[in-house]
Structure formats: structure tokens, C-alpha cells
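Visitor: I have the sequence and the model on my screen. Could you take me through a few residues and strands?

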Amino acid sequence: MEMINAIGRRKSAVARVYVTEGTGKITINKKDLTEYFPSAILQYVVKQPLELLEATGKYDIKANLDGGGYTGQSQALRLGIARALVKINAEDKKNLKNHGFLTRDSREVERKKPGQPKARRRFQFSKR
């Protein structure tokens with residue numbers, strides 16, 4: 001099997017994912033998964049598509065993550081891994097789609113409006 005690449009996005013995070021056959025090693029920005037995401041919850045989010053297809057030890061994954069925070073990055077990586085797994089085996093698409101791993105969460109931060117402290121928050125009204 002040659003190298004399969006896919007892209008995943010979430011908020012302002014972008015994950016470029018490269019999947020090859022291997023032993024299940026996940027490398028993110030030249031760091032190990034446990035080193036890059038110390039939180040067990042974020043590690044679980046990243047591994048969800050692999051665990052669903054029972055492919056945890058079959059593929060080596062290299063990822064370049066850029067932008068966003070750690071939650072957005074982990075979810076972008078999950079989408080990228082799911083898309084790469086579909087490229088490897090198209091029969092897995094239905095199962096991944098039913099669990100919501102192929103859906104791009106398109107919610108973005110609303111912009112701040114002029115004359116307000118935040119996007120929707122107004123300054124406190126003072127009658128006198």
C-alpha cells in the first residue's frame with residue numbers, strides 16, 4: 001500500500017494526514033500522540049475512527065496540524081483520518097458516516113461587531 005493523504009478541518013485548525021501500513025504509530029508534528037495531546041479525551045477523539053473499524057494496529061499515521069486550539073485540532077485530525085480510511089477501503093464509508101466522522105463541522109467563530117465588546121454582547125446600559 002502506498003501513502004494515502006487526506007485533509008481535515010475544524011474551526012481554524014487544519015490537519016494534513018498521511019496514512020501508510022504499519023504498526024499503529026500516530027505522529028503529529030514530529031511528536032508522538034501522547035506527547036502532543038496529553039489529555040486522554042483528545043487521544044480518544046483522534047482514535048475513534050480507527051477503533052470503530054478495528055484498525056488500531058494496522059496503519060501508521062503522520063499528521064501536520066496547524067491553527068486553532070487543541071480541541072479543534074483533535075477533531076480536524078479525526079476527520080482527516082476518517083477520510084483517509086475511506087480512500088483505503090470505500091466499504092467503510094457507510095459505517096463512518098453513520099457515526100458522524102465524515103461530517104465537516106462547519107461552525108466558525110462569529111466576528112466581533114463595532115461598538116460592542118464581543119460578537120453579540122452589548123455594553124451595559126445605564127439609564128442615568
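Visitor: Is Q43 buried or exposed?
Guide: Keep in mind that this is a predicted model. Q43 sits in helix α2, residues 40–52. Its relative accessible area is 14%. Buried means under 20%, so Q43 is buried.

Visitor: Which residues is Q43 in contact with, leaving aside its neighbours within four places in sequence?
Guide: Contact here means heavy atoms within 4.5 Å. With the sequence neighbours within four places set aside, the contacts of Q43 are L33, T34, F37 and P38.

Visitor: Where is N29, and what is its phi?
Guide: N29 lies in the loop between β3 (26–28) and β4 (31–32). Most residues other than glycine have a negative phi. N29 is not a glycine, yet its phi is positive, about 50 degrees.

Visitor: What is the phi of K30?
Guide: K30 is also in the loop between β3 and β4. It is a residue other than glycine, and its phi is positive. The value is near 65 degrees.

Visitor: Is K30 buried or exposed?
Guide: The cut-off for exposed is over 50%. N29 has 29% relative accessibility and counts as partly exposed. K30 has 82%, so K30 is exposed.

Visitor: Which residues make up the covered face of strand β1?
Guide: Strand β1 covers residues 4–10. Its uncovered face holds N5, I7 and R9. The covered face holds I4, A6, G8 and R10.

Visitor: How many bridges join β1 to β2?
Guide: Strand β2 spans residues 13–21, and the two strands run antiparallel. The number of bridges joining β1 to β2 is seven.

Visitor: Which residue in the turn between β1 and β2 has a positive phi?
Guide: β1 and β2 form a hairpin, with two residues between them. The phi in question is about 50 degrees. The residue is K11.

Visitor: Which element gives the largest share of the largest nonpolar core?
Guide: This core has 29 residues, and those with the most contacts inside it are I28, F37, L77, I81 and L96. Elements giving two or more residues are β1, β2, β3, α2, β5 (59–66) and α3 (70–88). The largest share is seven residues, and it comes from α3.

Visitor: Which residues is L96 in contact with, beyond its neighbours within four places in sequence?
Guide: L96 is among the residues with the most contacts inside the largest nonpolar core. Leaving those sequence neighbours aside, its contacts are P49, L52, L53, A82, L85, V86, F101 and L102.

Definitions and conventions: Residues numbered from 1 in each chain as written. Predicted model: local features only at pLDDT ≥ 70, side-chain atom pairs only at ≥ 80, totals over all residues. Heavy atoms only, no water. Helix = DSSP H or I, 4+ residues; strand = E, 2+ residues; numbered from the N terminus. Buried < 20%, exposed > 50% of the residue type's maximum accessible area, 1.4 Å probe, protein only. Pairing = 2+ DSSP bridges. Core = buried A, V, L, I, M, F, W, Y, C linked by side-chain atoms within 4.5 Å.
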